[in-house]
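Open the model in your viewer and keep the selection tool at hand. The tour goes residue by residue.

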Amino acid sequence: MAACARLVNYLPAKLDGQHSRVVRPRSPLVHAWGSPPIVLRCGVPRPAGYDPASPQTASVNGVVWFQQVEPNDVRWTAIRRTADVELLVPRHYEAQGGFLVELAGSLKRSLP
């Protein structure tokens, strides 16, 4: 997916102080930071249950995110015209909104 290939050029080396890390197998569609890893995947399907009017939907710096809380992780999906992007964050990371703020510019520049 060409849109996702562009995204990797705009991703930060650090995400809220967490360093970028190697993902195996290597893929332009997957990126990670920290340990345990915060994993970003580009080109994911639109989440089941997504509704722009849902209380689980929020706009952060011009990017619409849909939140799904799971037992061990919080799944944030950025709803974009060209390709949706998922950010899977282990629940022990607090103040996860900071991740969304930091990624907003990258997503707006690479995935209109």
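Start with glutamate 86. At 7% relative accessibility, it counts as buried (buried means under 20% relative accessible area, exposed over 50%, partly exposed in between, with a 1.4 Å probe and protein chains only).

A word on the source. This is a predicted model, where local features need pLDDT of at least 70, side-chain atom pairs count only at pLDDT 80 or more, and totals for chains, interfaces and linings use all residues. Residues are numbered from 1 along each chain as its sequence is written, and side-chain values use heavy atoms, with hydrogens and water left out.

Next, select arginine 41. Its side chain meets that of glutamate 86 in a salt bridge, 3.0 Å from N to O (a side-chain nitrogen of Lys or Arg within 4 Å of a carboxyl oxygen of Asp or Glu). Glutamate 86 sits in strand E8 (residues 84–90) and arginine 41 in strand E4, 45 residues apart (strands are DSSP runs of E, at least two residues; helices are runs of H or I, at least four; numbering is from the N terminus). Arginine 41 is partly exposed, at 36%.

Salt bridges that share partners join Arg41, Glu70, Arg75 and Glu86 into one network.

Finish with cysteine 4 and cysteine 42. They form a disulfide, sulfur atoms 2.0 Å apart (cut-off: within 2.5 Å). Both cysteines are buried.
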